[in-house]
Amino acid sequence: MATIAKYNASRPAKTGLGFSTIIMWSLLVSWPVSLLFVLLAGDDAILKYSQRIFYYHLPSNIVCFIAFFIYFVGAIGYWRTRKRSWDIVMVAGLELGIFFSVIGVVTGSIWARYAWGTFWTWDPRLTTVSIMLVVYISGVMLRAAIDDPTRKAALTAVFGIIGFVNVPLVFFSTRWFPKGQHPLIFSSTSNGSETTVGLDPFMYLTLGICSVAVGLLFTYFLTERMRLGQMQDEVAARRLALEGGEN
Amino acid sequence: MRKVWAVYAKDVRAELRTKDIFSAMFVFSLLATLVFAFALPAKLLDPKEVGGIAPGLLWVAYTFSGVLGLNRSFIVEKDKGSLEGLLLAPADRGAIYLGKMLSNLTFMLLVETLITPIFGILFNYSTFNLWLIPVVLLGTLGFAEIGTIFAAMAINTRAREVLLPVLFFPIMLPVIIAATNATSAVLANRPFDEVLGQLEFMLVFDVIFLVLPILLFELAVEE
């Protein structure tokens, strides 16, 4: 008990406006705004109403790549320094990447049901994202099977580096697949074989607002997940200290 | 290089004495082939139709028996306590990895050379084509490279051998895609350009995942 009292005393008093509080409030503002814009944006010429899911689909997919990149950076950091703090970064990136890529896959699949008449095709992009998702889910399985925190961090790092390098290879390996019908919104070279879809200015604005909203959500989750990781580490350290004291 | 050879020779010698890994892999791939033959409708096994599925089945048999062998190669070491000894050896961890990888590669290739003609006979499907050799070689090299480092990782977890396929299959999917495409192109005598692209891809994959695990093996087996 004495230890806990000391712990509480040593904790810094909560200061007024933390980073995560700011993010949380901007989230509460940006999500309703983004929803409003999504509803106000004009109907797509062909797809009508169903196209609106795209405003959340694209940002989620971009964010999931950012998250997996953060995992990769954490893995490189752990590899070079062996510092525990990198493990917290890795877990946050891994879990959030899976979360957002599931959102991306599910929204895309719902949209595809209306646009293509099927939930799923083996289009190169769809294949790449699904394989990537499976790879990272197996990364979570790996973590779950290890007890020792140091080994957990080390193996997560090894897996993170190999898994990230694998993603472009997966994409190349699918280039022999029949050209899919995944539409491209932004395309520098418009070749006839792929569908390029343009957006009107209001749609771009909506997309921008939705990207900010999803980005904020991601930032909020990331900071909170890392804070949680730090707290977990602290609890583990304290438990270890307490157990050591009793014996 | 001499250290790589020492690890390799040790594994091969141990295998020659026990024939543990090899027999398990061979029997397993034989059984897998039989299961395919019974599980699939006879219509698909018609000589005209079989070309569409046989390359895929062949690589499924390779992959599954490969996982079996990869697991054994580290479980045997771990259970007999020789893994610690191996890691204590005054050799670079990369060299240990390479030796292990080469011995796994050897066992896998050996099983594949034996099972491929048997597969061809059972499925009425000609698997005899010299261009199949580079395809199988590059594909199996990728298996051995990723499989060896993942097996070393999986052995140190609570799930042990269960975990290896979970980690291994998703990462191997690009190689499996390329290898099955190349195999069906070779065995159907399709133009060589088609095969070449896949071979190049597998070569790139193999080079990347030869260098990376050598660097990372140290971290993977660290106590």
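Helix 6 of chain A and helix 8 of chain B are roughly antiparallel to each other, a class assigned to angles over 145 degrees, whereas angles under 35 degrees count as roughly parallel, 65 to 115 as roughly perpendicular and the rest as oblique. The axes of helix 6 (residues 149-173) of chain A and helix 8 (residues 192-221) of chain B come within 10 Å and cross at roughly 175 degrees. Axes are lines fitted to C-alpha atoms, for helices over the stretch in contact, with angles running from 0 to 180 degrees between N-to-C directions. Helices (H or I, at least four residues) and strands (E, at least two) are DSSP runs, numbered from the N terminus.

The model is predicted: local features need pLDDT of at least 70 and side-chain atom pairs count only at pLDDT 80 or more, while totals for chains, interfaces and linings use all residues. Residues are numbered from 1 along each chain as its sequence is written, and chains are lettered from A and ligands numbered from 1 in the order in which they are written.

The secondary structure of chain A comprises seven helices and zero strands, giving the pattern α-α-α-α-α-α-α along the sequence. Chain B contains eight helices and zero strands. Of the 247 residues in chain A, 32% are buried, and of the 223 residues of chain B, 48% are buried; a residue is buried if 20 or more other C-beta atoms lie within 10 Å of its own, exposed if 12 or fewer, and partly exposed in between, with C-beta atoms placed from the backbone. Two residues are in contact if their C-beta atoms, placed from the backbone, lie within 7 Å. Among contacts in chain A with a separation of 6 or more, 76% involve residues 24 or more positions apart. In chain B, 83% of the contacts between residues at least 6 apart in sequence join residues at least 24 apart.

The C-alpha atoms of chain B fill a box of roughly 55 × 35 × 30 Å along the principal axes.

At the interface, 27 residues of chain A are in contact with 23 residues of chain B. On the side of chain A that touches chain B, the elements giving two or more residues are helix 5 (124-144) and helix 6 of chain A. The largest share, 15 residues, comes from helix 6 of chain A. This side of chain A divides into 20 nonpolar, five polar and two charged residues, where Ala, Val, Leu, Ile, Met, Phe, Trp, Tyr, Cys and Pro count as nonpolar, Asp, Glu, Lys and Arg as charged, and the others, Gly among them, as polar.

In the pairing of helix 6 of chain A with helix 8 of chain B, the residues in contact include V158(A), I161(A), V165(A) and L169(A) on one side and F205(B), I208(B), L212(B) and L216(B) on the other. By class, this contact has 16 nonpolar residues, one polar and no charged. Beyond four places in sequence, V158(A) touches M153(B), L216(B), L219(B) and A220(B). V158(A) and A220(B) are also the residues with the most contacts inside the largest nonpolar core, which has 122 residues. Helix 7 (residues 163-187) of chain B gives the most to this core, with 14 residues. Such a core is a set of buried Ala, Val, Leu, Ile, Met, Phe, Trp, Tyr and Cys residues joined through C-beta atoms within 7 Å.

Within chain A, helix 5 and helix 6 pack at an angle of about 170 degrees, with their axes 10 Å apart. Helix 5 of chain A is therefore roughly antiparallel to helix 6 of chain A. This contact has 11 nonpolar, five polar and two charged residues.

G160(A), in helix 6 of chain A, is buried, with 25 other C-beta atoms within 10 Å. Leaving aside neighbours within four places in sequence, G160(A) is in contact with Y71(A), F72(A), G74(A), A75(A) and M90(A). G160(A) and F68(A) are 92 residues apart in sequence and 8.5 Å apart in space, C-alpha to C-alpha. F192(B), in helix 8 of chain B, counts as exposed, with 11 C-beta neighbours inside 10 Å.
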